[in-house]
Amino acid sequence: MLSKTEILEALRGRLIVSVQAYPGEPMRDPNTMAQIAASAVAGGAAAVRVQGLGDIQASRSAVEVPVIGLWKDGKDGVVITPTFQHAYAVALAGAQVVALDGTRRERPDGLSLAETVTRLHNQTNALVMADCGSLDDARAAVDAGADIIGTTLAGYTGERPTTDGPDLELISAIRTADLPAMLVAEGRIHSPAQAAAARESGAEAVVVGTAITHPTTISSWFAEAVEG
């Protein structure tokens, strides 16, 4: 079992691939997701980010790299691993890192982010990745004890505009703030050039999902280009 330090070092300077399919899609199956996760690792991914307990369990059996797990529940507001019980279940499913909503918004179970992170650290060996939408979110998440800060929710909480591509300004601002947590860029990174730009802006690791693992969206990009 990797230590927390070993997990963070395994991610530093590397690519993380998000492997997710939406309900009702042909690939919405844990075994399929696990196969895609293994393919991403074969291509150089240092970790995978996986949604849903079944997908986490299947991916843990398919890959030897760290699994960042989450559980999306709900349609509005805080939906990424929204409560402590969701987070605890994600850890029990085998995720070495639990990704959760790291914004300052009220959580459905009434617990603060700090209470959630503290309980998770006390009751499991999992690290916590806080998906943030702003610099203030990142600061609050670090104060709450998060091990990793992600820019996953930049442009989706109303605090920042939705950029065309990754929010490089936010990545740079968080890096300049020199917070004591690993900074991971995530969100709207659709090309190798954008991934490199995220690193140059200060991200210590980069998550890419749709552009690698979501053929429905990738096909739509090409279909629109061909059809004019």
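Predicted model: local features only at pLDDT ≥ 70, side-chain atom pairs only at ≥ 80, totals over all residues.
Which elements do the buried residues of helix 4 pack against?

Residues are numbered from 1 along each chain as its sequence is written, and side-chain values use heavy atoms, with hydrogens and water left out.

The buried residues of helix 4 pack against helix 3 (53-62), strand 3 (67-70), strand 4 (97-101) and helix 5 (113-123). Helices (H or I, at least four residues) and strands (E, at least two) are DSSP runs, numbered from the N terminus. Phe84, His86, Ala87, Ala89, Val90 and Ala91 are the buried residues in helix 4, where buried means under 20% relative accessible area with a 1.4 Å probe and protein chains only. After helix 4 comes Gly94, with a positive phi near 120°.

## The largest pocket

The largest pocket has a volume of about 690 Å³. A pocket is an open set of points, on a 1 Å grid over the protein atoms alone, with protein on both sides within 12 Å along at least five of seven lines; lining residues have an atom within 4 Å of a point. A volume is the space filled by probe spheres set on the points, which are joined across faces, edges and corners.

There are 26 lining residues in the largest pocket, and Tyr22, Lys72, Thr152, Glu186 and Thr210 are the closest to its centre. Strand 8 (205-208) and helix 9 (210-213) are the elements that give two or more residues to this lining. Helix 9 gives the most, with three residues.

## The second largest pocket

The second largest pocket has a volume of about 340 Å³. Its lining holds 18 residues, and Met1, Arg60, Ala95, Gln96 and Asn125 lie nearest its centre. Helix 4 (84-92) contributes here too, as helix 1 (4-11) and helix 4 each supply at least two residues of the lining.

## Cavities

The model has two cavities of 30 Å³ or more, a cavity being a set of grid points where a 1.4 Å probe fits but cannot get out. The largest cavity holds about 50 Å³ of space. Its lining includes Thr152 and Glu186, along with Tyr156, Asp167 and Arg188.

The second largest cavity holds about 30 Å³ of space. Ile149, Ile174, Arg175, Leu179, Ala181, Met182 and Leu183 form its lining. Helix 7 (168-177) and strand 7 (182-186) are the elements that give two or more residues to this lining.

Technical notes. Buried < 20%, exposed > 50% of the residue type's maximum accessible area, 1.4 Å probe, protein only. Contact = heavy atoms within 4.5 Å.
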